[in-house]
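This report describes the surroundings of a ligand in a protein model. Please look at the sequence and the structure before reading on.

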Amino acid sequence: MRLLNSQHHPTTLIMTLTIDTKLKLNSGYEIPQLGFGVYQTPPSDTARCVSEAVKAGYAHIDSAALYRNEGACGQAIRSFSREKIFFTTKIMPYTLGYESVQSQIDRMLNETGLGYLDLVLIHAPYGGSAKRKESWKALVEAVEAGKVRSIGVSNYGVAHLDELERHIAELEEERGGKGKGGVISVGQWEIHPWCPRDDIVEWCKKRNIAVEAYCPLVQGNRWGEPIVKKLAEKHGKSEAQILIRWSLQKGLVPLPKSVKSERIVANAQVYDFELTEEDMKSLDTGVYEHVSWDPTTAPLKD
Ligand SMILES: NC(=O)c1ccc[n+]([C@@H]2O[C@H](COP(=O)([O-])OP(=O)(O)OC[C@H]3O[C@@H](n4cnc5c(N)ncnc54)[C@H](OP(=O)(O)O)[C@@H]3O)[C@@H](O)[C@H]2O)c1
């Protein structure tokens, strides 16, 4: 524990970040702050990548039905201590619905062999209001049944998030009171210095919802950017390490992906330096350019 400069932050205590740093979720469970992504990791190579990541210190793996590699993630996780590794997966986009979510969760449990899923997210808001509500209800019931520990959403815009709060209130009425509508523990969005999504992050912060940052390395599209290059030289780190550290210092949960052994290790070596307030400010680019899809802008009625 470290006390920040008392003049500027009279009451702020910050924990020094380590690879073991965890965030407390609204569900009561904890999530390791550094995650490891497996989007586009070939299923046949996923067990190796996940095993190498766990050996390098990651305790949190981010998969999805869409990635077709949940089984391989489960296989690797089962070879370690189940309780020590946080596993996330996501409901297939464009397949929302009550029975669809129920059957997907059962398939995920079967394929991974993990016994329970730490976190299940609705991958994208596509499908319309009624389907979003039914899907959320199925997730809430999966938590009550002990199949899933925490639930959340990905790629929801502020309008979808506001609607989800209304759905939770309705479900509380319909299902018998406080808590029966479920709690939002985590949200996941593309976030990096060129797509900071301040409005969504603020919405989540107010409700203690953990914000995960996907594409923390901008999918490799921004190497050589002068501001990042300068910081990499200043701190003697790689540009990837600067971007991951930015995410961690923002209080986000970055999910860097790599299939390369040396990068898997290096991307986790981000705890031996600190970006100054000025460094952090220099990464406020004022730009909003996503590199992945952007369902946050999908209309409420689709
Ligand atoms: N919810 C969603 O809709 C959504 C969407 C996209 C992603 N995600 C999640 O977020 C994770 C991360 O996003 P992402 O995989 O799209 O992009 P990313 O992590 O920003 O970037 C991955 C790319 O960077 C390369 N890379 C990794 N480490 C590097 C390093 N140290 N130096 C140079 N290049 C490096 C990787 O290549 P190599 O593999 O060859 O190293 C890969 O091409 C995904 O895996 C997934 O779990 C979620």
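In this predicted model, the ligand has 27 residues around it, and those that come nearest are Asp62, Gln219, Lys257, Ser258 and Lys260. Sorted by class, this shell holds 14 nonpolar, eight polar and five charged residues.

| Residue | Part of the residue | Ligand atom | Distance |
|---|---|---|---|
| Val259 | polar backbone atom | oxygen | 2.9 Å |
| Asn267 | N or O atom in the side chain | nitrogen | 3.0 Å |
| Trp293 | polar side-chain atom | oxygen | 2.9 Å |

On its own, the ligand has 900 Å² of accessible area, and the protein covers 89% of that area.

Where in the protein does the ligand sit? The ligand is found in the second largest pocket. The space in the second largest pocket comes to about 730 Å³. There are 34 residues lining this pocket, and Tyr39, Cys215, Gln219, Pro256 and Lys257 are the closest to its centre. Two or more lining residues come from each of the elements α8 (239–249) and α9 (261–266). By class, the lining of the second largest pocket is made up of 16 nonpolar, 13 polar and five charged residues.

Terms used: Residues are numbered from 1 along each chain as its sequence is written. This is a predicted model: local features need pLDDT of at least 70, side-chain atom pairs count only at pLDDT 80 or more; totals for chains, interfaces and linings use all residues. Side-chain values use heavy atoms; hydrogens and water are left out. A residue is near a molecule or strand if one of its heavy atoms lies within 4 Å of it. A polar contact is a pair of N or O atoms within 3.5 Å; within protein, one must be able to donate a hydrogen and the other to accept it, and residues adjacent in sequence count only if both atoms are side-chain atoms. Accessible areas come from the Shrake-Rupley method with a 1.4 Å probe; for residues, only the protein chains shown count as cover. On a 1 Å grid over the protein atoms alone, a cavity is a set of points where a 1.4 Å probe fits but cannot get out, and a pocket is an open set with protein on both sides within 12 Å along at least five of seven lines; lining residues have an atom within 4 Å of a point. A molecule sits in a cavity or pocket if more than half of its atoms lie within 2 Å of its grid points. Ala, Val, Leu, Ile, Met, Phe, Trp, Tyr, Cys and Pro count as nonpolar, Asp, Glu, Lys and Arg as charged, and the others, Gly among them, as polar. Grid points are joined across faces, edges and corners, and a volume is the space filled by probe spheres set on the points. Helices (H or I, at least four residues) and strands (E, at least two) are DSSP runs, numbered from the N terminus.
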